[in-house]
Amino acid sequence: MEDSEMKKERVGGGGGAGAMLKSRGHFHCYLVPTKHRHRPFFFLALVSGALISTALLISALIQTISLFSLHDSIFCSLSNKSSSAASYNSADAHYLTIPTQLLAVLHYATSKVVPQQSMEEIRVTFEVLRSLSPCNFLVFGLGQDSLMWSAFNPRGTTLFLEEDPKWVQSVLKDSPILQAYTVRYRTQLSQADDLLSTYSSEPNCLSSRAYLRGNHQCRLALTGLPDEVYETEWDLIMIDAPRGYYPEAPGRMGAIFSAAVMARARTSPGVTHVFLHDVDRRVEKIFAEEFLCKKYLVNHVGRLWHFEIPPAPNNSTTDGATSSRFC
């Protein structure tokens with residue numbers, strides 16, 4: 001009995017070579033018709049044909065997918081610029097992947113924190129950046145959306161201004177590629193009504209004479225900004241800070257006024273795009289109407305207003321005299 005069992009093991013048991021041969025035999029019998037089971041060349045031809053057919057099918061699919069991807073992807077728009085530039089939107093020509101964009105993808109793919117603005121609000125600014133980038137983009141506020149804004153302006157200058165130095169350190173610790181400065185504001189939200197009613201009595205606050213750097217007479221002027229802010233003409237200005245939801249907070253009065261002064265001082269062709277968030281709040285709304293001007297409002301989505309402000313020479317009265325008011 002033992003000799004018989006040992007013989008069975010040597011022939012095909014225990015998972016050895018015999019079992020593999022037996023398994024291959026079953027596979028061969030299952031795929032190959034009865035009359036060809038003893039013809040190994042037929043089996044090889046059948047398998048080879050199947051592999052070739054599969055390869056051709058996959059190749060065709062890859063070519064089809066590649067054609068659609070090549071046509072639609074903005075990241076490939078410069079891969080063959082000489083022969084197919086007409087197929088792409090020229091506004092996307094600058095969108096070659098840069099480190100900031102890759103970091104943004106990684107950050108938002110692995111974080112549960114989302115930007116404060118809604119998708120519809122973000123899209124308003126994104127479309128302008130898409131058409132103008134690389135450009136100069138000044139952002140009042142530093143937060144979870146900062147890496148996104150910087151990634152939307154590849155090879156441009158995106159600069160953030162933030163009032164809280166500890167928050168600046170915290171954000172830059174995770175995203176050191178961002179360019180941010182700490183700024184101090186001279187106002188408080190509780191002073192908003194007084195500032196609005198008295199600014200016109202200070203000559204250096206009037207639209208015809210307003211300036212920022214060193215303008216200590218005008219309380220609305222932001223005088224302590226980095227030199228880079230004053231020396232750069234900004235194509236876009238986003239106002240989503242400083243804090244403005246309790247009386248002791250700086251409020252956005254100075255940021256709104258200073259954005260209007262910067263836009264009016266522009267010497268380059270075109271307008272300055274100013275985006276103001278949280279216009280559902282009283283102070284943001286009334287200061288925007290006073291300094292950014294309803295006549296320059298071109299879009300309103302959710303809590304975001306988008307203004308296109310021309311340089312000061314285009315802001316004149318009907319008799320040609322420069323107005324002392326902003327609007």
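Predicted model: local features only at pLDDT ≥ 70, side-chain atom pairs only at ≥ 80, totals over all residues.
User: Which parts of the chain hold Cys293 and Cys327, and how many residues apart are they?
Analyst: Cys293 sits in the loop between helix 12 and strand 6 (297–301). Cys327 belongs to the segment after strand 7, so the pair ties together parts of the chain whose separation in sequence is 34 residues.

User: Is the disulfide of Cys293 and Cys327 right-handed or left-handed?
Analyst: The handedness follows from the torsion about the S-S bond. For Cys293 and Cys327 this torsion is about -95 degrees, so the disulfide is left-handed.

User: Is Cys327 buried, partly exposed or exposed?
Analyst: A residue is buried under 20% relative accessible area and exposed over 50%. Cys327 has 38% relative accessibility, so Cys327 counts as partly exposed.

User: How many disulfides does the structure hold, and what is the pairing in sequence order?
Analyst: The structure holds two disulfides. With the bonded cysteines numbered in sequence order, the pairing is 1-2, 3-4.

User: What is the handedness of the disulfide of Cys205 and Cys218?
Analyst: Both Cys205 and Cys218 are buried. The torsion about their S-S bond is about 115 degrees, so this disulfide is right-handed.

User: Which residues of helix 12 are buried, and what covers them?
Analyst: Helix 12 (residues 282–292) has the buried residues Val283, Glu284, Phe287, Ala288, Glu290, Phe291 and Leu292. Just after helix 12, Cys293 takes a positive phi of about 80 degrees. The cover of the buried residues includes helix 9 (192–198), helix 11 (253–264), strand 5 (272–277) and strand 7 (304–309).

User: Which aromatic cluster includes Phe287 and Phe291?
Analyst: Phe287 and Phe291 are among the buried residues of helix 12. One aromatic cluster is formed by Tyr199, Phe257, Phe287, Phe291 and Phe326.

User: How many aromatic pairs are there, and are Trp149 and Phe152 stacked or edge-to-face?
Analyst: The count comes to 10 aromatic pairs. The rings of Trp149 and Phe152 have centres 6.0 Å apart and planes at 75 degrees. Planes over 60 degrees apart count as edge-to-face, so Trp149 and Phe152 are edge-to-face.

Definitions and conventions. Residues numbered from 1 in each chain as written. Heavy atoms only, no water. Buried < 20%, exposed > 50% of the residue type's maximum accessible area, 1.4 Å probe, protein only. Helix = DSSP H or I, 4+ residues; strand = E, 2+ residues; numbered from the N terminus. Contact = heavy atoms within 4.5 Å. Phe/Tyr/Trp six-rings, centres within 6.5 Å; stacked < 30°, edge-to-face > 60°. Disulfide = S-S within 2.5 Å.
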